[in-house]
Amino acid sequence: MSFSNLGLMPELLRAVEEKGYTAPTPIQAGTIPAILSGRDVLAGAQTGTGKTAAFVLPILQHLMQGTGSAPRALVLTPTRELAAQIADNAAGYGRYLKMRTAVVFGGVGINPQIDQLRRGCDLLIATPGRLLDLSEQGALDLSRIQYFVLDEADRMLDMGFIHAIRRVLKLLPPQRQNLMFSATYSDDIRALAQRFLRDPVNVEVASRNSTAERVTQSLYRVPKDSKRHLLAHLIQDGNWQQVLVFTRTKHGANRLAKQLGDAGIAAAAIHGNKSQAARVRALTDFKNLRVTALVATEVAARGLDIKELPHVVNYELPNVPEDYVHRIGRTARAGATGSAVSLVSTDEEPLLRDIERLLKRAITVAPVPQFPILAAAAESPQTEQREAARDSSRTHERAGNGGRGGRRGPRRAQHGAGHGAGGHHGGHSGSQRPSGPPRGESRAGGAEGGQRRAGQSPGAPRGAGEPQRRDGRSEQRRGGEGRGADANRGSWGWRRA
Ligand code: AMP
């Protein structure tokens, strides 16, 4: 199969060729002819499959017929990163066409966006909240929309956008072509599809865990407090140049980025509390290899398009097993292969079991290598829990010995002996004990100079209340920063594609 068999116009074929694509991906081969023929499409495809080009290319071609200042195509997407990414792709694919693309999302002044829309655009890419704001203010005319794409529909529902989607649908003219892309098909997704798709062509390129099959996955069993030391070791010892690290909370992302920085690894955090400028800078530095480790929360990482990302690390396992598949889908994109490493502490065993159930297989347990314990900036688990619950955007932390900010640079206290070498985790009972000390957990001896062997318990179990927040509620919560993530978000821009 080649792109020239799909019915695309020469200007698009040229742009695709210049991108270096030699053949359409399965989702592109499946959807592009259907979209060009005017059919509604329900596509099961996750990020990394080439889904953006699958809808952008045929829509650009459709848009060449007709003009007008109001947008004629609308792509609704859950996050500003994804919106910006789609706009970038549209600019690239449409470089030989006269096409105006605008992208709008929340968190910045609305007036420049109003001005921009007044000047006119053909393709509008938007997150739901800002789109509705603009429409309510009379700044956006959606009555000319002929092509509507709901991208990452499952994410939209996860993030609580269902009411916003319904409101947007009511603003669109009844005569239009609809495309819906979703990585997973829950009952809610099917219900949503039935609501607005008409006799759709179904394209499901692969099962939802197909990406997972291309990724080399492994896990290390490691006490929570040793994770950062092991991660620093893996990055340095493996000479990793580019690694995306997932934490569960924004504060955790800030803290880990700082700790890695203290260990001599160029690191940056990216999450919803960061300004758009800071996020763009972090991402650019990461893409240009000026930053080795990009530490991200789930939501912030969505829509990041980093080609051939070689390493993804789950510093903490996600609460929702599907998120694991999404996370590791950041590597092994568009046919490449990559490695995904998870650092799993005892309290995360139930999450691991859920993930393995979804994957229908066990993740390989790697022997924990010897790694140095860095002496600076150890914290009590209670402090950690409190701060995670607060999830503030502070970047500084209290050093374990009362100092501020810890030491600069790694102090190699002692090389630790790995534990669990070759061990299989299957025998672990893994039962969740919300208020008791997790079995096998140990505190880092960092504040006292890190004089213990990595991976080894010092004997005393962690204090009661470890897995609990200060308010007694479980720290495990779904989509920590997801709900309404469109609010308070970044900048906007437009491009002539
Ligand atoms: P997406 O699933 O849209 O996020 O795309 C994932 C990555 O695949 C992006 O970096 C695209 O540039 C790339 N890509 C899209 N289509 C192709 C193709 N036909 N061949 C190679 N790479 C592609």
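What percentage of the 497 residues of the chain count as buried? In this predicted model, the share of residues that count as buried is 50%. The chain has 17 helices and 17 strands. Among contacts between residues at least 6 apart in sequence, 80% join residues at least 24 apart.

Two helix pairs were examined. Two packed helices are described by the angle between their axes and the distance between the axes. Helix H2, spanning residues 26-36, packs with helix H3, spanning residues 51-63, at an angle of about 25°, and their axes are 9 Å apart. H2 is therefore roughly parallel to H3. The crossing of H2 past H3 is right-handed. On the H2 side the contact is formed by Ile27, Gln28, Thr31, Ile32, Ile35 and Leu36, which meet Lys51, Ala53, Ala54, Phe55, Leu57, Pro58 and Gln61 of H3. Sorted by class, the contact of H2 with H3 comprises nine nonpolar, three polar and one charged residues.

The second pair is formed by helix H6 (residues 128-136) and helix H8 (residues 162-171), which pack at an angle of about 40° with axes 10 Å apart. H6 and H8 are therefore oblique to each other, and their crossing is left-handed. Residues Pro128, Gly129, Leu131, Leu132 and Ser135 of H6 meet Ala164, Ile165, Arg167, Val168 and Leu171 of H8. By class, seven nonpolar, two polar and one charged residues make up the contact of H6 with H8.

Strand S4 (residues 123-126) is covered on both faces. In a regular strand the side chains alternate between the two faces of the sheet. Leu123 and Ile125 lie on one side of S4 and Leu124 and Ala126 on the other, and all are buried. S4 pairs in the parallel sense with strand S2 (residues 73-76) over four bridges, and with strand S3 (residues 100-104), likewise in the parallel sense, over four bridges. Alanine 126 of S4 is the bridge partner of leucine 76, and valine 104 also stands opposite alanine 126.

Valine 104 is ten residues from isoleucine 114 in sequence, and the two are 9.7 Å apart in space, C-alpha to C-alpha. Isoleucine 114 is found in helix H5, which covers residues 111-119. Is isoleucine 114 buried or partly exposed? Isoleucine 114 is partly exposed, because 16 other C-beta atoms lie within 10 Å, whereas 20 or more are required for a buried residue. When residues up to four places away in sequence are not counted, isoleucine 114 touches Leu134 and Ala139.

An open sheet of seven strands has the order S10-S11-S9-S12-S13-S8-S14, with parallel pairing. Strands S10 (267-270) and S14 (364-365) stand at the edges with a single partner strand each, so one side of each is left without a neighbour in the sheet. Strand S8 (residues 215-221) pairs with S14 in the parallel sense over two bridges. Threonine 364 in S14 is the bridge partner of serine 218.

Helix H15 (residues 321-328) packs on this sheet, touching S8, S9, strand S12 (311-314) and strand S13 (338-344). The direction of H15 makes about 155° with that of S12. H15 is mostly covered, with seven of its eight residues buried. The buried residues of H15 are Glu322, Asp323, Tyr324, Val325, His326, Arg327 and Ile328. Helix H12 (residues 250-262) lies across strand S9 (243-246), S10 and strand S11 (293-296), and runs at about 175° to S10.

Leucine 197 is located in the loop between helix H9 (187-196) and strand S7 (201-204). With 20 other C-beta atoms within 10 Å, leucine 197 is buried. Which residues does leucine 197 touch, not counting residues up to four places away in sequence? The contacts of leucine 197 are with Asp40, Leu42, Asn178 and Met180. Leucine 197 and aspartate 40 are 157 residues apart in sequence, but 6.1 Å apart in space, C-alpha to C-alpha.

Note on methods
Residues are numbered from 1 along each chain as its sequence is written. This is a predicted model: local features need pLDDT of at least 70, side-chain atom pairs count only at pLDDT 80 or more; totals for chains, interfaces and linings use all residues. Axes are lines fitted to C-alpha atoms, for helices over the stretch in contact, and angles run from 0 to 180 degrees between N-to-C directions. Angles under 35 degrees count as roughly parallel, over 145 as roughly antiparallel, 65 to 115 as roughly perpendicular and the rest as oblique. A crossing is left-handed if the near helix is turned anticlockwise from the far one by less than a right angle, and right-handed if clockwise. Two residues are in contact if their C-beta atoms, placed from the backbone, lie within 7 Å. Ala, Val, Leu, Ile, Met, Phe, Trp, Tyr, Cys and Pro count as nonpolar, Asp, Glu, Lys and Arg as charged, and the others, Gly among them, as polar. A residue is buried if 20 or more other C-beta atoms lie within 10 Å of its own, exposed if 12 or fewer, and partly exposed in between; C-beta atoms are placed from the backbone. Two strands pair if DSSP finds at least two bridges between them.
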